[in-house]
Amino acid sequence: MTQKSGGNATEPVSWFHSLSTATSVSSLPGMVHGAERTPLVNQSDVEAGHTTHAHYGSSPSMRTSTSENTGVELPKDTTKRNSMFRKRVRYYVPSTAWIPDYSVSLLGGDLLAGVTLAAMLIPQSVSYGTSLAKLSPTTGLFAAAIPPIMYSLLGTSRQLNVAPEAALSLLVGQAVSDFRRGDHHTRPEDADAVGIAVSTAITFQVGLFASMLGFFRLGFLDVVLSRALLRGFVTAVAFVIMVEQLVPMIGLVALENKMNPESTLDKIIFLLEFSWIDHHKPTMLISFGALLVLIFMRTLKGYFRRTWWIERLPEVLLVVVLSTIISGYLRWDKEGVDILGVIPIKTGGHFFSLPLKQSISYIRGTTSTAVLITIMGFLDSTVAAKQNADRFGYSISPNRELVALGAANLFGSLVPGTLPAFGSIIRSKINGDVGARTQLASLVTAGITLLATFFLLPYLYYLPRCVLASIICLFVISLFSEVPHDLTYYWRIRAWTDLAMMFLTFSLSVIWNVEIGIIVSLIISLLLVIKRSSHTRLNILGRIPGTDQWGPIADNPGAEDVPGILIIRIRESLDFANTAQLKERLRRLELYGPERTHPSEEPRRQPASTLVFHMADVETCDASAVQIFHELLETYQNRGVELFVTHLRPGPRKMFERAGIEELLGSEAFFATLGDAMASIAQQ
């Protein structure tokens, strides 16, 4: 098979083009071709105001304008408004760009990716709904089917797959358990209704918060949290999930419901106390046997990456199907093994319902959980979306991603009980590896998941619940995979603050709960950001020997410090945050120099009689900063210190004039260069 490139030259095209890494179903050869990097909207065309659009797989000869096709000449103003409106629609609703221009050449890869993710996602969603969220399996399946439909219309990422996440499902499950324990008037038969109402309230608020963050253009928040904090959170969640799943894997669910341990630490003590004497042997053999088979198959796939049919074995689906068949044949339920049983589709009476109709009484008690889920879900989704955008050569907008994710969860909350859904790094990577080039792959996954929800669940009647716990443990192991690398990396570069953040987040999440751990870590992270941004970057300049150049003393040990003269270079723009401590910072530099010293030590330098501010790096000054700087200069003048300003830019110069600083110092105190200022000081 050949494909034309350029003129008449031809080049071979592989039957398995772009099908490169582990997936979950047999490959469909020869179905993915080029045109993978065609942008939905060409950014340069948008900025220039052009009307050129990207056509998936179409030839240049097929691209004609509307006016050429119709022959109707419209007024210039109307044409311009229509063109601008179309560009805005294509920008804010990306599906209006990729659906009309969709190429059949991409269909094979999208179908293959959709089927692959569905094979992995269906058992995974059932596990998240039952084992983590403490709800019906359908709540996880609906979360994998309903929100992706809306995201595929509004999302800017082509490979991001939106579905329930382990960590977020765990947070929902903790909220559900708290409400069930706290409502003493709830009858046992109302437990499902409480869970559905709590989950719906959380999903609705998650969608609302994410949409608001996007509308107010707060997509930059992903840069506030350090990777160390996220690693500590992910590791803590993985540990908490593993402890949660050991209970059903050992067969202690009934005893856990009786003893009711609350925190993860309580559950660890519970496992250590009762695992040896009250375990259920058949359940243990089935669950740990299934986990070993899953690990073996995944390891085998790693060794045979070049053998496509082994690499694409759907190990999770195979274990689910085989364990269900064997359980039904051997009647493990009669041995005391807890099975999935009949799964009614419970949505509280109606399939579609207004979110606040039954859940309004749970809104206030679930707001903190919804905020945490929004933040963590957005961060994970943004990382996944950016990785695929870099890989396939297009760009994403964090603000539009927030709106799309918010709309997806608001749409999901219309089906009562649906779990919050966000993107996943692992799923999205597999999606791109298999061949997904548009959001059609997610629509295929959603359609198959919906069909499975309504027609395939009865066939899982004999599926042991402990096997679902084993499946979750398999995915938890992947969360631990990067921990050793990050620990050794931070230790090697002596990043003690990052290591402390990791251990603090992990410890608080395990000892108290995940919410406390992430809230405290978020507060500390924000305080560190504020602390660093409030410290103005300053350098003491000295003359480099044998030259007329000046450089930072800290970076040039041989630089000559002029006695009695302190030359300060301000290395950034001034605002209310970093100017508040400028007076104290200058005092320390004047007395102790650039070295770190304790305030109790004796001064190492004599007080300066002349102070020169080098302000070439100061691009802007806000009103508060100018006011504080004015007060600072007055303080030095009262001490009898001569003041000079060099390299002042036009913008800050106007602010200084309006604030009266130029009048305070006199026009003779301002120089174009530091050399001119030092020459004037020498003459005086």
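You are looking at a predicted model, so keep the confidence colouring handy. Now widen the selection to strand β8, residues 610–614, together with β9; these two pair in the parallel sense over 5 bridges.

Stay on β9, which spans residues 642–646. Colour it by accessibility and you'll find a mostly covered strand, with 4 of its 5 residues buried. Next, pick Val 645 and look across to β10, where its bridge partner is Phe 670. β9 and β10 run parallel too, joined by 2 bridges.

**The whole sheet**

Show the strands together. They make an open sheet of 6 strands in the order β6-β5-β7-β8-β9-β10, and the pairing is mixed. Which strands stand at the edges? Those are β6 and β10, and each has a single partner strand, so one side of each has no neighbour in the sheet.

**Across to β5**

Select residues 538–543, strand β5, where 5 of the 6 residues are buried. Check its two partners one at a time:

- β7, residues 565–570, pairs with β5 in the antiparallel sense over 3 bridges. To find the spot, click Asn 539 and look for Arg 569 in β7, standing opposite.
- β6, residues 550–552, runs antiparallel to β5 and is joined to it by 3 bridges. Here the pair to click is Gly 542 and, opposite it in β6, Gly 551.

Now trace the chain from β5 into β6. The two form a hairpin with 6 residues between them, and in the turn Gly 546 has a positive phi of about 80°.

**Leu 582**

Jump to helix α26, residues 582–592, and pick Leu 582. Is this residue buried or exposed? It counts as buried, because its relative accessibility is 1%, below the 20% cut-off. Beyond its neighbours within four places in sequence, Leu 582 is in contact with Thr 536, Leu 538, Phe 629 and Leu 632.

Time to look at the nonpolar packing. The largest nonpolar core has 83 residues, and those with the most contacts inside it are Ile 202, Ile 241, Ile 373, Val 467 and Ile 471. Highlight helix α21, residues 465–480, as well: it gives the most to this core, 10 residues.

Zoom in on Ile 202 and show what surrounds it. Leaving out neighbours within four places in sequence, Ile 202 touches Val 172, Ala 175, Thr 366, Thr 369, Ala 370, Ile 373 and Pro 420. A second, separate core has 43 residues, among them Ala 559, Met 615, Val 626 and Phe 671.

**A bent helix**

Select residues 107–132, helix α5. Its 26 residues reach 35 Å from first C-alpha to last, close to the 38 Å expected at 1.5 Å a residue. Where does α5 bend? Look at Leu 121, where the angle is about 30°; a proline, Pro 123, follows within four residues. Accessibility colouring shows α5 mostly covered, with 23 of its 26 residues buried. Step just past the end of α5 to Lys 134, which takes a positive phi of about 60°.

**Ser 442**

Go on to helix α20, residues 440–456, and click Ser 442. Ser 442 is buried, since its relative accessible area is 2%, under the 20% limit. Not counting residues up to four places away in sequence, Ser 442 touches Pro 148, Leu 160 and Asn 161.

**Zoom out**

Finish with everything on display: 30 helices and 10 strands. Of the 684 residues in the protein, 48% are buried. Take the contacts between residues at least 6 apart in sequence, and 80% of them join residues at least 24 apart.

Last, colour by pLDDT. The average is 82, and 86% of the residues score at least 70. Then select residues 1–70, where pLDDT stays under 50 and the model has 132 contacts beyond four places in sequence.

Conventions: Residues are numbered from 1 along each chain as its sequence is written. This is a predicted model: local features need pLDDT of at least 70, side-chain atom pairs count only at pLDDT 80 or more; totals for chains, interfaces and linings use all residues. Side-chain values use heavy atoms; hydrogens and water are left out. Buried means under 20% relative accessible area, exposed over 50%, partly exposed in between (1.4 Å probe, protein chains only). Two strands pair if DSSP finds at least two bridges between them. A nonpolar core is a set of buried Ala, Val, Leu, Ile, Met, Phe, Trp, Tyr and Cys residues joined through side-chain atoms within 4.5 Å. Contact means heavy atoms within 4.5 Å. The expected span of a helix is 1.5 Å times one less than its number of residues. The bend at a residue is the angle between axes fitted to the seven residues ending there and the seven starting there. pLDDT is the predictor's confidence in each residue, from 0 to 100.
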